[in-house]
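Work through the exercises below with the sequence and the model side by side, and try each task before you read its solution.

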Amino acid sequence: GYQQRWDEIQVRFIDEPRESVRQADDLVDEVTSRIAVRFTSARREMEQRWEGGNEPTTEELRQAVQRYRDFFQRLVAQ
């Protein structure tokens, strides 16, 4: 999957540095978009339950906050 594609981009850098940078940008964009879609979907699911009168449990909310925290920490880690 993604790791294999990244490895191929790095190998091609020697012969095609500009194209490798373009491909790296495309791959990172694809991965971050996929993650954003997942979080948006999960948020919509929770909101639909709230609107339907089915409040999420404290445990479900705790798990959601943990997922956001983990994702946030990965984004800001250096």
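**Exercise 1.** Does E8 count as buried, partly exposed or exposed, and why?

Solution. Before starting, note that this is a predicted model, in which local features need pLDDT of at least 70, side-chain atom pairs count only at pLDDT 80 or more, and totals for chains, interfaces and linings use all residues. Residues are numbered from 1 along each chain as its sequence is written, and side-chain values use heavy atoms, with hydrogens and water left out. Buried means under 20% relative accessible area and exposed over 50%, with partly exposed in between (1.4 Å probe, protein chains only). E8 is partly exposed because its relative accessibility is 35%.

**Exercise 2.** Describe how helix α2 (residues 17-51) packs with α3.

Solution. The axes of α2 and α3 are 12 Å apart, at an angle of about 160°. Therefore α2 is roughly antiparallel to α3, a term for angles over 145 degrees. As the next step, list the residues in contact (heavy atoms within 4.5 Å): α2 brings I35, F39, R43, M46, R49 and W50, while α3 brings E60, L61, A64, R67, Y68 and F71. Sorted by class, this contact has eight nonpolar, no polar and four charged residues.

Methods:
Axes fitted to C-alpha atoms, helices over the stretch in contact; angles between N-to-C directions. Helix = DSSP H or I, 4+ residues; strand = E, 2+ residues; numbered from the N terminus. Parallel < 35°, antiparallel > 145°, perpendicular 65-115°, else oblique. Nonpolar A, V, L, I, M, F, W, Y, C, P; charged D, E, K, R; others polar.
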